[in-house]
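Please take a moment with the sequence and the model that follow, and keep both in view while reading.

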Amino acid sequence: MSAARGVPPSLVESLPRDISVAAHEIGPLEKLVEEARQLGFSLPAALESAIDKRQREYLAGRISARHALTHLLGSAISEGEIAADDDDVPRWPEGVVGSISHGAGFGFAAVAAADRYRGLGVDVERVVSTQQAGRLGARVLNDREMSLRQGSAGGLTEAEMFTLAFSAKESAYKALFPCYRRVLGFSDVELERRDAEEADRHGRVRLRARLDPEEQGVAAPLVGWYAFSEKDADANSRNAPRVWTLVVAERDGQELAP
Ligand SMILES: CC(C)(COP(=O)(O)OP(=O)(O)OC[C@H]1O[C@@H](n2cnc3c(N)ncnc32)[C@H](O)[C@@H]1OP(=O)(O)O)[C@@H](O)C(=O)NCCC(=O)NCCS
């Protein structure tokens, strides 16, 4: 797997080799439209009158998805549009699971074989300010999850831990929703463990989602990877690092029966 431009190499290198990822900068609209045309797709009719930001995010997400699919399947099978269903879930080719995110200046996508993974979710976010983390913290993570910020190599700041938990839970939701079609809140997904590597800038997480609060034991175990990227060199951008997360529900993980 090649280290896709924009995706931190530390994330790419720690992922299982059967997951393909790609990122694409959310550049000017005309450039994205041309890049999409070369890949055999265009903006869907429903987005023709959308605001510039939505159009650019959509295209950067779909261009990333096309590159990830080409890496997984080869270019012959992976051309054309990736439509969405009524819940906005992308429709992947037969036998493929995947996910798209766009934010913090990048589209980001990952795909893998459906016979290996039940679901896969990705997310990219800017690390929030300390004030935002303080204001929103209790809605996203509990004290036990916040305590996972401590690490052997200095640990994460509260703002970094908040953003990591937020992003990993969004990725977990995107991995599970296409399969189970259940809306989950932040407290329905528990971040159970964080294993950090290399000065705490990337690592692995374990999560568990309660798919049905009424039914004890209906829970999905999930594994994820994360990486913090460096601050932008560009002085004009909001100069906070990004966190990138990718979460999978493995097929050979603990079985669940919704
Ligand atoms: C789906 C959701 C997680 C998307 O997150 P976001 O931060 O708004 O946006 P992102 O840029 O990261 O991702 C958007 C992409 O996710 C995909 N997506 C949208 N809804 C989805 C769903 N229900 N399941 C899986 N993927 C979905 C789409 O590809 C979309 O991009 P597109 O419209 O250009 O195709 C969010 O909008 C949502 O519905 N949240 C409610 C549930 C939740 O957040 N619970 C807390 C975490 S458990």
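From which domains does the shell around the ligand draw at least three residues each? It draws them from domain 1 (9–116) and from domain 2 (122–250), the bounds coming from an automatic or database domain assignment. The model is a predicted one, in which local features need pLDDT of at least 70 and side-chain atom pairs count only at pLDDT 80 or more, while totals for chains, interfaces and linings use all residues. Residues are numbered from 1 along each chain as its sequence is written.

Around the ligand there are 24 residues, of which Asp88, Ile100, Ser101, Tyr173 and Phe177 come nearest; a residue is near if its C-beta atom, placed from the backbone, lies within 6 Å of the molecule. Two or more residues each are given to this shell by α3 (52–73), β2 (96–103) and α6 (158–180), and α6 gives the most, with six. Helices here are DSSP runs (H or I) of at least four residues and strands are runs (E) of at least two, numbered from the N terminus.

Turning to the sheet, five strands form an open arrangement in the order β4-β8-β7-β6-β5, with antiparallel pairing, where two strands pair if DSSP finds at least two bridges between them. Because β4 (117–126) and β5 (189–197) stand at the edges with a single partner strand each, one side of each is left without a neighbour in the sheet. The partner joined to β5 by eight bridges is β6 (residues 202–210), running antiparallel to it, and Leu191 stands opposite Leu207 in β6.
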